[in-house]
Amino acid sequence: MSYEKELKAAKKAASLAAQLCQKVQKALLQSDVHSKSDKSPVTVADYGSQALVSFVLGKELPTDSFSMVAEEDSADLREDGGQETLERITKLINDTLSSDGSYDLSPLSGEDVLTAIDSGKSEGGPSGRHWVLDPIDGTKGFLRGDQYAIALALLDEGKVVLGVLACPNLPLQPIGNSEKHSLQCQAGCLFFAEVGGGTHMQSLDGSLSTKVHVSSTENPAEASFFESYEAAHSLHDLSSSIATKLGVQAPPVRIDSQAKYGALSRGDGAIYLRFPHKGYREKIWDHAAGCIVVSEAGGVVTDAGGNPLDFSKGRFLDLDTGIIVTNKKLMPLLLKAVRDALSESQATPSL
Ligand SMILES: Nc1ncnc2c1ncn2[C@@H]1O[C@H](COP(=O)(O)O)[C@@H](O)[C@H]1OP(=O)(O)O
Ligand SMILES: [Mg+2]
Ligand SMILES: [Mg+2]
Ligand SMILES: [Mg+2]
C-alpha cells in the first residue's frame with residue numbers, strides 16, 4: 001500500500017509547525033514557558049505546533065477519519081490565567097497560516113485552537129490508523145537554543161508506516177563533536193520515510209531531497225555515538241561503560257531530541273544509546289518517527305534486550321530497560337556490550 005498522500009500531508013504539517021517554532025525560538029520570552037504537572041517545560045510553541053499539525057492534517061486529508069496520539073492537551077490553557085497564553089498561541093498559528101497562504105480561511109479562534117490541541121487525545125493501539133505527534137521533542141533543547149524536532153508518524157494496524165522529522169536547527173552538513181552550530185545561517189532539515197520506500201532528507205526551505213543511509217561501519221573503534229544532552233533523560237555513565245566495552249573511542253555526541261535519529265539515519269554517527277532513569281516510561285511519540293527514519297535508512301532500533309519497539313500498546317512503549325540504535329552489522333556486538341554493562345551495573349548500583 002502506498003501512503004503518498006498521507007506523507008505529503010505530514011511533510012506540509014511538520015514544515016509549517018517548524019516555521020511556527022522557529023518564530024518563537026527567535027523571540028523567546030520567559031513568559032512563554034510554563035511548567036506541566038510533571039515539572040517538564042511547555043511553551044507556546046509546543047501548543048502552537050500541535051494545533052497547527054492537527055489543523056493542516058485535517059485540511060490536507062479531509063476525507064480521512066482522524067485519530068491522533070499527541071503529547072500536549074489544553075487543560076492548563078483552559079484554567080484561569082491561560083487566556084493570555086491562548087491568545088499568543090492563536091496569533092502565532094494565524095500568522096503562520098497567513099504567511100504560508102495555502103488555505104483560504106478566516107482566522108482561527110481560541111476555541112478552534114483548543115479543539116485542535118485536544119484532537120491529540122487518542123489512545124492509539126493495535127487497530128486502525130493513528131497519527132503520532134510530538135509537537136516539540138526536546139523542549140529543553142528548544143529553550144537553550146539547541147536541537148529540537150517536530151516528530152510526526154502514522155501508525156497503521158499497530159505498525160509505523162511513515163515518519164517525518166523536522167529538525168529546524170540541524171545543519172544539512174554532517175555534525176560531529178566539535179562544532180557549535182549557529183542558528184542564523186541554516187534552513188534546518190526535514191527527514192521523511194515511508195515503509196519500504198527508504199529515508200530521504202531535504203532542507204526545511206524545500207530543496208530537492210536526497211536518499212540517506214546509516215553508517216556502514218563494522219568497526220566500533222570508528223563509530224561515534226549519540227546520547228541525550230540532558231543527564232536527567234539518560235544515564236551517561238552507563239552509556240560510557242557500554243561504549244568502552246564496545247571499543248568506541250570517540251567521546252559521546254550529546255544532542256537533544258529525535259534529531260539524534262535524523263543524524264544517525266544519514267551516518268553522522270553509528271550508535272544511539274538511551275537509558276532513562278528507573279521508573280521513566282517511554283512514550284510512543286518520542287520514538288515513532290525516529291524509529292522509521294532510521295530503519296528505512298538501513299538501521300536497527302531495539303530495546304536493551306534486542307526486541308523491536310512495539311508501538312501498538314497505546315500511548316506508552318512497554319520495553320526492556322532502554323533503547324539502542326545502530327546498523328545491522330554492529331548490533332550483535334552492541335547487544336553484547338549492553339548486556340555486559342547492565343549486569344555489571346546491577347552488581348555496582350551506582351552506575
Ligand atoms: N525524565 C525524563 N527521562 C527521559 N526522557 C524525558 C524525561 N523527561 C522528558 N523526557 C522526554 O525525553 C525526550 C528528550 O530526550 P532527549 O534527551 O533525547 O532530548 C523528550 O521527548 C522529552 O520530552 P519533551 O518532548 O517534552 O521534550
Ligand atoms: Mg514535553
Ligand atoms: Mg518528546
Ligand atoms: Mg514534546
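1. Strands here are DSSP runs of E with at least two residues, helices are runs of H or I with at least four, and both are numbered from the N terminus. Strand 13 and strand 14 (residues 323-327) run antiparallel to each other, paired over five bridges; two strands count as paired if DSSP finds at least two bridges between them.

2. Before going on, please keep in mind that this is a predicted model, in which local features need pLDDT of at least 70 and side-chain atom pairs count only at pLDDT 80 or more, while totals for chains, interfaces and linings use all residues. Residues are numbered from 1 along each chain as its sequence is written, and chains are lettered from A and ligands numbered from 1 in the order in which they are written.

3. Five strands make up an open sheet with mixed pairing, in the order 11-10-12-14-13. Strand 11 (253-254) and strand 13 (299-303) are at its edges with a single partner strand each, so one side of each has no neighbour in the sheet. Helix 10 (residues 331-347) packs on this sheet and touches strand 12 (271-274), strand 13 and strand 14. Contact means that C-beta atoms, placed from the backbone, lie within 7 Å.

4. Arg274 is worth a look. This residue lies in strand 12 and counts as buried because it has 21 C-beta neighbours inside 10 Å. The cut-offs are 20 or more other C-beta atoms within 10 Å for buried, 12 or fewer for exposed, and partly exposed in between, with C-beta atoms placed from the backbone. Leaving aside residues up to four places away in sequence, Arg274 touches Glu227, Ser228, Ser234, Gly322 and Ile323.

5. Ser257, at about 75 degrees, sits in the loop between strand 11 and helix 8 (259-265) and is buried, with 29 other C-beta atoms within 10 Å. Glu157, at about 50 degrees, belongs to the loop between strand 5 and strand 6 and is exposed, with 11 such atoms within 10 Å.

6. Finally, the domains. The protein is split into domain 1 (4-211) and domain 2 (220-347), with bounds from an automatic or database domain assignment. Between them, 42 residues of domain 1 are in contact with 32 residues of domain 2. On the domain 1 side, strand 6 gives the largest share, six residues.

Note on methods:
Contact = placed C-beta atoms within 7 Å. Axes fitted to C-alpha atoms, helices over the stretch in contact; angles between N-to-C directions.
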